[in-house]
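Here is a short report on one protein model. Look through the sequence and the structure first, then read on.

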Amino acid sequence: MFRLIKQALYRARQFFQALSANLDEEDWQVLRENLNPEELAAFGRISAADQRHSLEVYYTLVREGKTHPDLLKAALLHDIGKGGGDIHLWHRVAIVLIRAFFPIALKWLAVPDGWRRPFYIHYYHPILGAEMAKRLGCSPLTVELILRHQPTLELPPWDPTPEQLELLKALQEVDGTK
Ligand SMILES: [Fe+2]
Ligand SMILES: [Fe+2]
């Protein structure tokens, strides 16, 4: 219980730190090198915290020696589905606590209209993000990686090659820790 509240507070602090931390020159270079203007615009619509997080996922994968361009693009874009979702600090704290104590409620909260909309956006952001990535013309593999980056969602079956599966696992693993 104490650990979970600590985790929620940590997330909240992370969010505030991210709000005050602007992108530096290295970040901009990474974004310019990896994203076209439309993709960059989609990246710009997620919160500063999610931008920071996505860049950290990218940097960690690069440090691990990952070079596959579809994976690196997915790292930067995997959370674009949260863009414009009006997910505020209290939603984030609530989501961490609900996930810990009453996870089934997250699905009940995921309704597209009214006050529950931010929970809907958060819950389904891999699907929403994959749809956006497809519209942006990302490769089928990048779209698939975005769709499946959160292992908890129920999704249609996929028949990946061993290499594709390895890329997905790498993304899921790093995403879970950053
Ligand atoms: Fe995500
Ligand atoms: Fe993420």
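Which residues have the most contacts inside the largest nonpolar core? They are Leu71, Ala75, Leu77 and Leu171, in a core of 31 residues. Such a core joins buried Ala, Val, Leu, Ile, Met, Phe, Trp, Tyr and Cys residues through C-beta atoms within 7 Å. Buried means that 20 or more other C-beta atoms lie within 10 Å of a residue's own, with C-beta atoms placed from the backbone. The largest share, 6 residues, comes from H5.

The model is predicted: local features need pLDDT of at least 70, side-chain atom pairs count only at pLDDT 80 or more, and totals for chains, interfaces and linings use all residues. Residues are numbered from 1 along each chain as its sequence is written, while chains are lettered from A and ligands numbered from 1 in the order in which they are written.

Helices are DSSP runs (H or I, at least four residues), numbered from the N terminus.

| H4 | 48–63 |
| H5 | 69–77 |
| H8 | 117–135 |

H4 and H5 pack at about 155 degrees, axes 7 Å apart. Axes are lines fitted to C-alpha atoms over the stretch in contact, and angles run from 0 to 180 degrees between N-to-C directions. The two helices, H4 and H5, are therefore roughly antiparallel (angles over 145 degrees). Ala75 touches Ser54, Val57, Tyr58, Leu61 and Leu171, leaving aside residues up to four places away in sequence; contact means C-beta atoms, placed from the backbone, within 7 Å.

Glycine 137 follows H8, with a positive phi near 85 degrees.

Methods:
A residue is buried if 20 or more other C-beta atoms lie within 10 Å of its own, exposed if 12 or fewer, and partly exposed in between; C-beta atoms are placed from the backbone. Two residues are in contact if their C-beta atoms, placed from the backbone, lie within 7 Å. Angles under 35 degrees count as roughly parallel, over 145 as roughly antiparallel, 65 to 115 as roughly perpendicular and the rest as oblique.
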